[in-house]
Amino acid sequence: MAVSRTFSIIKPDATRRNLTGKVNAVIEDAGLRIVAQKRVRLSEAQAKTFYEVHKDRPFYGELVSQMTAEPVVVQVLEGENAVVRYREVMGSTNPKDAAEGTIRKLFALSIGENSVHGSDSPENATIEIAQFFSDGDIVG
């Protein structure tokens, strides 16, 4: 397997509860490196652009509101097969279905407040990373 990158967001429900360090510990313990990270407050326009794929779904407005309500931590993660590995580390969207030891099992409050986002494909990882980071921001 080649080393690759993926994108992560530590969502408002986790930053509000001061869980950034705990989430990062799970990420790092899983063998992924955090090669870029910053705490930001998403504008409504940024959140709408980021989640545009969901614009026709009933939860879109609530998702945009949640993601703009409090700061988030955006990150670039690097490791072997990073997209797949991070999705395993995150766990199922519904924390009730998430495997023991995953971020969502440990920290998520609900399906909607599920603490983290991760890219679902290498192609989307590239797009999502570029929305928040320039090449000079990523130091591996």
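The structure is a predicted model, in which local features require pLDDT of at least 70 and side-chain atom pairs pLDDT 80 or more, whereas totals for chains, interfaces and linings use all residues. Numbering starts from 1 along each chain as its sequence is written, and side-chain values rest on heavy atoms, with hydrogens and water left out.

The protein chain contains 7 helices and 4 strands, these being DSSP runs numbered from the N terminus (helices H or I, at least four residues; strands E, at least two). Their order along the sequence is β-α-α-β-α-α-β-α-α-β-α. The radius of gyration of the protein chain is 14 Å, which agrees with the value near 14 Å for a compact globule of 140 residues (C-alpha atoms; 2.2 Å times the number of residues to the power 0.38). Along the principal axes, the C-alpha atoms fill a box of roughly 40 × 35 × 25 Å. Among contacts with a separation of 6 or more, 76% join residues 24 or more positions apart, a contact being heavy atoms within 4.5 Å.

The accessible surface amounts to about 7,300 Å², and carbon and sulfur atoms account for 49% of this area (Shrake-Rupley method, 1.4 Å probe; for residues, only the protein chains shown count as cover).

The largest nonpolar core has 20 residues, of which Phe7, Ile9, Met67, Val74 and Phe133 touch the most other members. Such a core is a set of buried Ala, Val, Leu, Ile, Met, Phe, Trp, Tyr and Cys residues joined through side-chain atoms within 4.5 Å. At least two residues of this core come from each of β1 (3-10), β2 (33-40), α3 (44-50), α4 (60-69), β3 (72-80) and α7 (122-132). Helix α4 provides the largest share, 4 residues. Beyond four places in sequence, the contacts of Val74 include Phe7, Ile9, Ala36, Val40 and Phe133. A second, separate core comprises 17 residues, including Val23, Leu32, Tyr86 and Ile103.

Asp13 lies in helix α1 (residues 12-16). This residue counts as buried because its relative accessibility is 3%. Residues up to four places away in sequence aside, Asp13 touches Phe107, Leu109, Glu113, Asn114 and Ser115. Asp13 and Leu109 are separated by 96 residues in sequence, yet their C-alpha atoms are 7.8 Å apart in space.

Definitions and conventions. Buried means under 20% relative accessible area, exposed over 50%, partly exposed in between (1.4 Å probe, protein chains only).
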